[in-house]
Structure formats: C-alpha cells, structure tokens
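Morning, everyone. Please bring up the model on your screens, and we will walk through it together.

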Amino acid sequence: MAATDHQVSKHWDYAKATLDALRDHGLRPTPELYHVWFVYYAEENPEILRVIDAVKATGETIGEETLLQLYYRYIFDRQAADFLQRGMEDFSDVVENSDASLSSTRDELRVYSDVLGRAETSLKSGEKADEVIHNVVLHTGRMQTTVESLHEQLGDYLKTIAHLQRELHETRERSYTDGLTRVSNRMHFEEVLASCCVEFDSGDIEEPFCVMMVDLDQFKAVNDKYGHRIGDEILVLIASMIKANTKGRDLVARYGGDEFAILLPQTLLKDAMMLADDMSKRIAAREVRAKSSGTSFGHMTVSVGVAEYVKGEGAAKVVDRADSALYRAKRNGRNRNFAAE
C-alpha cells in the first residue's frame, strides 16, 4: 500500500474511533466534540491526550463541558491563528497585485500622455492629420483595454477582501458561541462583563446593571436516568427559553455544565428579580419532550441568583455574589430566586 493510501486509511480509523467514542459517552457528533476526539486519536495534541487519558483512568464518562473546554483552548485558537495567517497572506497578495496593476496602468498612462503630446506637436507642424489621428485612436483603444482590465482586477480584489471580512466575522462569532446551546460562551460573557464593570467604575455609564446566574435543578439525575443525549436536548431547550425571556442588549451565556449566566445592562435589582420570577415560571410550566420520539420527561425547574453591580467590586466579585445567591436558592429547596446580599 502506498504511503498516501496508508495515511488515508489511518484517518478513516481515527474517524471510526471518534464516532465510537462519541456514541459510548452519549455525546452528539457536533463539529467541536468530533474534532476533539479526532485530535485525540490522531495524537496531534499532547495536552488533549493528557486530559482525556486522565479522565478515562478514573472510569468516569467524559462530558461535553470537558471536551468543549479542550476545543476552545487547544483547537479553536489554532484554527483562528491559521485563519489569520491565511487571511494575511491573501490580503498581502491583494495589496501586491493591486500595486502591480496600478503601476502598470500608470506606465500606460505615461505612454498615452506622450502619444498625445507628440500628436499635438505633429499637428502643429503640419503633418498629415489622418496618420496622427490613426495613431491616437490606436493608443486610445489600448488605454481603454488597460482601464477595463484594471476595473475587473479591482473588482476581484474587493470580492477577496469581502470574503475575508465574512470569514473573520464568522470566526469571531464561533469563538463567542457555545457549541451546543448556541448562546454565548463563558469567554464572551466574561469579556463583556469586564467591559461593563470598567465603564461603570469610570463613570462612562451611569445606569446600574445586574448579573443573573441560572442553574437547572436536579439535572444530574436527568442525565443519569435518560442519558446525555436527552440532557443535551434539555440544555438546548432551556437555553432557548432563557434567550426568549431576555431582550436587546441582554447577554445570555452558558457558564458551565448546566449553569447559565445573564448580563442585564441598564437594569435595577428589583427589575432583574421580576425577570427571574417570570422566567422561572415559564420554564417550570413547559413540559419537556424528546424531539425524536415526543416522549415526555416532565417539567424542569431552575434556581436563580441575582446581583446588582456595586461600583468598584469588579467582575469576579459580582459573579461570586450572584453565585452565592443561587446556591442559597438551591439550599432553600430549589425552584427559587434569591437576590445577593
């Protein structure tokens, strides 16, 4: 078997092992999770090997959260770097080719200017007008062809730049989005929250804002009873319901596992608590059903903790206060909403 055939065969083996791992761990074959397992079996990243081997050694199931952390830490960053390198190379080509095209056109214009200058001199000196005009018309046609060619080239360059802009936008969006629920991820939430804290502390914004932490009640029991695939469906449903209960500049993010974080700009604590109450009631009233079979899994509830930002406390502190309120809600029977002290 040729070396290239051998490489193809190995990659098919990696693909099969990857799909088997996703199935064995009750995971859906999303691009992010598939990529992590494929890299693991291909032994392309030692850190991914180390983490997964350590979890496997304990006999525990490797969860989606662990895999997504590995993806965003060790794979996506590399993809983003590859894109930036590719984009810079493409953009450099555009600049270089544009410069070459403009230089060529400039040279053509100089020649054309000389032709016109000589034509003027010839006509003044009494040379035959027909020959002079013929020569001018000939060079005018060449100049027109050059300008049209430049126009087409510049159009192609603009298309290339527009394509790079779209790729950059899509890359940024992927880096800020949770692979399963399609709401924002923790990295994006923390970046936006940190920015809000700085703006509020500096006085650039005066409106108060709140942080809300939301946790699914008894979610581990659901996973244990019905499996991770159903658990994933429930997470997607809850994320969509939380998103539907927010508005405008509100930011919903999957903070980790079955916990969500919501940033509520221009929101007082009393208004945030009203939102929490309304959202909790809507979620509790919704019957959870499997998409594929329609099987009912009953009703899910959430516990919520809310904190209004205090000037100067910083991002970590306001999240900690909201988290503490959330766990007080858990300790007091779940399906409750508590404000931070």
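Let's start with helix 10. This is a predicted model, and in it helix 10 covers residues 314-331, which makes 18 residues. From first C-alpha to last, helix 10 reaches 26 Å. That is close to the 26 Å expected at 1.5 Å a residue.

Which residues of helix 10 are buried? The list is Gly314, Val318, Val319, Arg321, Ala322, Asp323, Ala325, Leu326, Arg328, Ala329 and Lys330. Look at the spacing of the numbers as you read them. An α-helix has 3.6 residues a turn, so residues three or four places apart point the same way. Note that the buried list includes Arg321, Asp323, Arg328 and Lys330.

What do these buried residues pack against? One partner is a helix, helix 6 (186-202). The others are strand 2 (210-216), strand 3 (251-256), strand 4 (259-264), strand 7 (302-308) and strand 8 (337-339). Just after helix 10 comes Gly333, with a positive phi of about 115 degrees.

Now zoom out. The chain has 10 helices and 8 strands. Of its 341 residues, 41% count as buried. Take the contacts with a separation of 6 or more: residues 24 or more positions apart account for 65% of them.

Next, the cores. In soluble globular proteins, nonpolar side chains tend to be buried together. Here the largest nonpolar core has 33 residues. Met212, Val214, Leu216, Ile234, Ile242 and Phe260 touch the most other members. Strand 2, helix 7 (219-226), helix 8 (228-244), strand 4, helix 9 (269-285) and strand 7 each supply at least two residues of this core. Which element gives the most? Helix 8 does, with 8 residues.

Pick out Ile242. Leave aside its neighbours within four places in sequence, and Ile242 is in contact with Val214, Val252, Phe260, Ile262, Met279 and Ile283. There is also a second, separate core of 21 residues. Among its members are Ala261, Tyr309, Val318 and Ala325. Val318 and Ala325 were on our buried list for helix 10.

Last stop, the largest pocket. About 410 Å³ of space lies in it. The lining has 16 residues, and Gly63, Glu64, Phe219, Asn223 and His228 lie nearest the centre. Helix 4 (64-124), helix 7 and helix 8 each give two or more residues to this lining. Helix 7 gives the most, with 4 residues.

Notes. Residues numbered from 1 in each chain as written. Predicted model: local features only at pLDDT ≥ 70, side-chain atom pairs only at ≥ 80, totals over all residues. Heavy atoms only, no water. Buried < 20%, exposed > 50% of the residue type's maximum accessible area, 1.4 Å probe, protein only. Contact = heavy atoms within 4.5 Å. Expected span 1.5 Å × (residues − 1). Core = buried A, V, L, I, M, F, W, Y, C linked by side-chain atoms within 4.5 Å. 1 Å grid on protein atoms, 1.4 Å probe; cavity = no way out; pocket = protein on both sides within 12 Å on 5 of 7 lines; lining within 4 Å. Points joined across faces, edges and corners; volume = space filled by probe spheres on them.
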